[in-house]
Amino acid sequence: MTQKIALVTGASRGLGSSLAEQLALRGWHVVAVARTVGGLEDLDDRVKRSGLPGAGSLTLAPMDVTNDDAMRHLCRSIHDRWGGLGLWVHAAIHAAPLAPAGHLDQKDWEKSLATNARATGTLIPMVEPLLRAHDGTAVFLDDPRAGQPFFGSYGATKAAQIALARSWQAETAKHGPRIVIATPQGLPTATRARFFPGEDRSKLADVQSEAARILDTL
């Protein structure tokens, strides 16, 4: 294998999109997964417009991480084409609207469980062999909201996701793959705007700069 291969789940917007873009600009071939086709196409356009010598490329995979069959097929295709992965960035998230725990919307609760917790537990066994094949690294993005008022759906399921990642990290510490859990700074993303409407976004970190910082730590 001569090209570095990365899988980014949740690559159509926010920090996931910026991480996918930064990886491609650094010469990686990025398999970009998200439900939003338009967001993936915008990502592809930004990389192509860069014109940077040595820039990598993208494979756009418009699919839902909660679709087990689709993700299993994708992982098999990655194995058949490249033999493995050098990096997996898991940025896919469902950010349910803030609500009191006594008034959780059940559809949002189920979607939060499916996207944030269940999909992570399903994807780790699929992706681990691909990372082992190329001494790869998995990156998770922490956002510690568990127990905060009104963050019930998001906080609980995001905490479950990170708990899974920490268990995987402890289990693979000696023999790999390497598991990194990063805690991004506050960013002016659409998700944060839903949580904190009216916030002064000028005080938040630049998304592209934060993506570059996280990748530099790897």
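In this predicted model, helices H1 and H7 pack at an angle of about 60°, and their axes lie 9 Å apart. H1 is therefore oblique to H7, and the crossing in which H1 passes H7 is right-handed. On the side of H1, the contact is made by Gly14, Leu15, Ser18, Leu19, Glu21, Gln22 and Leu23. H7 contributes Val207, Gln208, Ala211, Ala212, Ile214 and Leu215. Taken together, the residues of this contact comprise eight nonpolar, four polar and one charged.

Helix H7 itself spans residues 207–216. At its start, a side-chain oxygen of Asp206 reaches to within 3.2 Å of the backbone nitrogen of Gln208. The buried residues of H7 are Val207, Glu210, Ala211, Ala212, Ile214 and Leu215. The elements that cover these buried residues include H1 (14–25), strand S5 (137–141) and strand S6.

Gln185 is located in the loop between strand S6 (178–182) and helix H6 (190–195). Although Gln185 and Glu210 are 25 residues apart in sequence, their C-alpha atoms are 7.3 Å apart in space. The side chains of Gln185 and Glu210 are joined by a polar contact of 2.8 Å. When neighbours within four places in sequence are set aside, Gln185 is in contact with Ala205, Glu210 and Arg213.

Definitions and conventions
Residues numbered from 1 in each chain as written. Predicted model: local features only at pLDDT ≥ 70, side-chain atom pairs only at ≥ 80, totals over all residues. Heavy atoms only, no water. Helix = DSSP H or I, 4+ residues; strand = E, 2+ residues; numbered from the N terminus. Contact = heavy atoms within 4.5 Å. Polar contact = N/O pair within 3.5 Å; in protein donor to acceptor, adjacent residues only side chain to side chain. Buried < 20%, exposed > 50% of the residue type's maximum accessible area, 1.4 Å probe, protein only. Axes fitted to C-alpha atoms, helices over the stretch in contact; angles between N-to-C directions. Parallel < 35°, antiparallel > 145°, perpendicular 65-115°, else oblique. Left-handed = near helix turned anticlockwise from the far one by under 90°. Nonpolar A, V, L, I, M, F, W, Y, C, P; charged D, E, K, R; others polar.
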